[in-house]
Amino acid sequence: MNQHYRRSRFTKTMIAAIAASCILCLASACTEPLHGDNTAQPQSQTSEGINLNTHYSTELKQAREQLEQNGNDFAANILKDGIIADSELAELNHRVVQCLSDLGYSKDSISMGELGEMSIRPPSGVTHEESASWGASVNQDTQTCTERNGANTIWQLASAAQLNPSNDGKDARQTFIDCYIKQGLVGASYSIDDYERDSRNGTGPFDEAQRADAGFQQKLEACE
């Protein structure tokens with residue numbers, strides 16, 4: 001196993017949360033989101049950052065209160081003005097990486113995307129038998145670091161606002177599926193049920209062997 005992928009930015013839980021209109025559950029981020037409606041995007045994405053004040057004011061208030069209750073002061077301050085700036089995301093991600101480094105992971109082994117998509121390379125010499133145990137430790141440590149810094153809440157709000165700027169309740173999973181079909185990654189009959197099954201089982205477009213293929217990855221990046 002060359003890399004341990006944390007399909008946390010962010011993807012499966014975040015999409016389910018958007019579909020259920022529940023922004024506050026813990027999730028991780030997925031990769032770069034699609035904007036299904038380019039005309040709506042400026043409502044959330046401004047030159048200052050991602051603006052949550054108009055269409056995500058309720059979720060913003062709840063998230064801020066939750067972070068304050070949990071003692072996540074830095075993350076709560078990010079939401080203080082209702083705008084998630086690029087510089088704030090960068091600092092948040094830096095804190096998560098530093099936390100993992102403090103737990104013994106080499107910073108050079110950690111790849112972090114803007115909204116929490118992450119991969120961590122195992123140490124050299126890890127055997128196939130050891131990889132499962134190592135992966136479980138990575139999952140636990142990553143969860144610890146993202147919860148400690150309030151990163152999950154910030155990533156999820158930012159992702160939701162980018163995927164669905166008007167917060168109109170559209171099922172974001174269908175946005176991904178439409179793109180998968182357009183890119184030829186899945187058949188035309190591919191459904192939300194298929195998406196849920198594959199995302200749980202690591203099959204179909206979530207299969208790591210397929211994702212390791214450069215051509216497949218390029219098409220995938222156009223959707224995620």
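Hi everyone. Before we start, please keep in mind that this is a predicted model, where local features need pLDDT of at least 70, side-chain atom pairs count only at pLDDT 80 or more, and totals for chains, interfaces and linings use all residues. Residues are numbered from 1 along each chain as its sequence is written, and side-chain values use heavy atoms, with hydrogens and water left out.

Let's begin with the disulfide, meaning a pair of cysteine sulfur atoms within 2.5 Å. By that rule the count is one disulfide. Which cysteines does the disulfide join? The partners are Cys99 and Cys145, with 2.1 Å from S to S. Cys99 sits in helix α4 (residues 86–102) and Cys145 in helix α5 (residues 128–148), so the link ties together parts that are 46 residues apart in sequence. When I say helix, I mean a DSSP run of H or I with at least four residues, numbered from the N terminus. The link is left-handed, with -75° about the S-S bond.

Are these two cysteines buried or exposed? Here buried means under 20% relative accessible area, exposed means over 50%, and partly exposed is in between, using a 1.4 Å probe and protein chains only. Cys99 has a relative accessible area of 4%, so this cysteine is buried. Cys145 is at 0%, so Cys145 is buried as well.

Now look at Asp102, which is also found in helix α4. Asp102 counts as exposed because its relative accessibility is 58%. Asp102 and Cys145 are 43 residues apart in sequence, and their C-alpha atoms are 9.9 Å apart in space.

On to how helices pack. Axes here are lines fitted to C-alpha atoms, for helices over the stretch in contact, and angles run from 0 to 180 degrees between N-to-C directions. Angles under 35 degrees count as roughly parallel, over 145 as roughly antiparallel, 65 to 115 as roughly perpendicular and the rest as oblique.

Contact, by which I mean heavy atoms within 4.5 Å, involves Glu59, Ala63, Gln66 and Leu67 of α2, together with Thr153, Ile154 and Leu157 of α6.

Another pair is α7 and helix α8 (residues 192–201), with axes 10 Å apart and an angle of about 90°. So α7 is roughly perpendicular to α8. On the α7 side, the contact uses Arg173, Gln174, Phe176, Ile177 and Tyr180, while α8 brings Ile192, Tyr195 and Glu196.

Let's stay with α8. Which of its residues are buried? They are Asp194, Tyr195, Asp198 and Ser199. These residues cover an arc of only 125° around the axis, so they are on the same side of α8; the arc is that of the directions from the helix axis to the C-beta atoms. On the other side, Asp193, Arg200 and Asn201 are exposed. Just after α8 comes Gly202, with a positive phi of about 70°.

One last stop: Asn167, in the loop between α6 (151–163) and α7 (172–182). Most residues other than glycine have a negative phi. Asn167 has a positive phi, near 55°. Asn167 is partly exposed because its relative accessible area is 27%.

Terms used. Helices (H or I, at least four residues) and strands (E, at least two) are DSSP runs, numbered from the N terminus.
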